[in-house]
Amino acid sequence: MSTRPHRLAGWTALAALAGCTVGPNYHRPDAPVSPQFKEAAGWTPSHPADAIDRGAWWSMFHDAQLDALEQRVATSNQTVKQYEAAYRQAHQVVAQATASFFPTIGVEGDATHSREPSGIGTTGATGAGAATGTTGTTGTSTGTTGSTGIGTTTTSTNGSSVRTTYVGELEASWVPDLWGKVRRTVESDKALAQAGAADLANARLAAQGSLAEDYFTLRVLDEQARLYRDTVADYQKFLTLTTNQYNYGTQARSAVITAQTQLYAAQAQMIDVGVRRSAMEHAIAVLVGVPPAALTIAPASFTRDVPVAPVDVASALLERRPDIAAAERRMASANALIGVAVAAYYPSLTLSGDYGSGASSLGNLFTSAASLWSVGAELADTLVDFGARRAQVRANRAAYDEAVATYRQTVLTAFQGVEDELSALHVYQQEEDVLLHDEASARQAVQLDLNQYREGTVDYTTVITAQATALTASQNVLTVLQERLQASVLLVEDVGGGWSATQLPKS
């Protein structure tokens, strides 16, 4: 509908006065937080780390090769890239929702050239700016100058009317956010974008953690390969000794065969280590975003010191873990969507306006005499929907309750992870101390039995048993070393890798 320009200001003032935000305001629910970590009490790590470098937590392991590989994860890992793209998409959704605060403005131009047959009997014109028409005496249109439309000219050709119209308009339409539907939508989308940023941080941390785990597995396999090479060399010497004794007639053929069997078994285990090491190298290549053929990691020794990340007070975990932050932001988003659903109970107001000009020639199109305008307002409301809005509000409240439960479960799982790794590190440290003594005793037993075997005071089965025991003891030491390294990396992940919720974008 059309009205005077000052009425548009009246509708705008009404929208500003009536504007409010319906639905519940967000307050973070309580989370099941422990006052302290139970497994941290009374335990001092053998190699505690003073702090975690927020940008490069893996530097606490003091391994240059690991440092170089980890630097490539953030920029080249394809899973991280997926989450980075998802975050950028969520950020643009916020921009799209924010645009709803403002009016939509468009422009329209129209030029019409039309012909009507004679005999219509039209006299005069309908529309703004039309000329007065005339009609011939024979009942047919001869030289009619009337028109239908805005700013038209009419000419007569062979008893028919030809009309030309030019129109140019600037159009605007605006739906004021009277009840906060747009505000709640933007609030929800911003929270989801922040959750996307936390997901990105969590994906990056998970990829970095997986790389560290695979890297230390590879290095332990290097140690196992060295162990088997030494063992094969020792078994070869024992086979030679047993063969010589057999040739001298002091040992039975069965002793030689048993020594050969032991040697072949050790060689097979050494080959198996090579297969597993190749698999770890391939996994690392994928994590850094390159084909397996493009990455080769030379065997190398590494320090057996296992650093343990410092653990803050238990409540700090809520601000340190990106997965907890993501769950909390999704909870905030679900709360805002309740307001979006509640806003559907209230009427909507649409303000519109047009300004332009119409003329019969392009030269007159933008003159003051050709100007035209209109403003209008439309109020709409739903009278009966048979419970659809009520159902939507209830569904959104249920979705919020689900998000709260997910958030609390994420917190519980996070505390479980920290407690698990603290306990594992404590136990593995004690176990390693015992296993190192066991390994030293087993190696000493092998040397003593070999000396006695050479002197003929013990048989070959005693030596073979001692050698097998020593190999098992060394394998156990490497196994618990790997478990300690894995637990150390997992603890870093469980405490957030130095990340903080303050790093989340504000919008």
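When I say buried, I mean a residue with under 20% relative accessible area. By that cut-off, 42% of the 507 residues in the protein chain are buried. Keep in mind that this is a predicted model.

First, the layout. The protein chain has nine helices and five strands. Going along the sequence, the order is α-α-α-β-β-β-α-α-α-α-β-β-α-α. On contacts: take those in the protein chain with a separation of 6 or more, and 80% of them are between residues 24 or more positions apart.

Now the interior. In soluble globular proteins, nonpolar side chains tend to be buried together. Here the largest nonpolar core contains 59 residues. Trp57, Phe61, Leu69, Phe216, Phe238, Ile284 and Leu485 have the most contacts inside that core. Which helices each supply at least two of its residues? They are helix 2 (64-76), helix 4 (181-247), helix 5 (253-287), helix 8 (388-455) and helix 9 (460-494). Helix 4 gives the largest share of this core, 17 residues.

Let me stay with Trp57 for a moment. What does Trp57 touch, if we leave aside its neighbours within four places in sequence? The contacts are Ile52, Glu70, Leu205, Gln208, Gly209, Ala212, Val489, Val492 and Gly497.

Last, the surface. The protein chain exposes about 26200 Å², and carbon and sulfur atoms supply 55% of that area.

Notes
Residues numbered from 1 in each chain as written. Predicted model: local features only at pLDDT ≥ 70, side-chain atom pairs only at ≥ 80, totals over all residues. Heavy atoms only, no water. Core = buried A, V, L, I, M, F, W, Y, C linked by side-chain atoms within 4.5 Å. Buried < 20%, exposed > 50% of the residue type's maximum accessible area, 1.4 Å probe, protein only. Helix = DSSP H or I, 4+ residues; strand = E, 2+ residues; numbered from the N terminus. Contact = heavy atoms within 4.5 Å. Areas by Shrake-Rupley, 256 points an atom, 1.4 Å probe, with all protein chains shown as cover.
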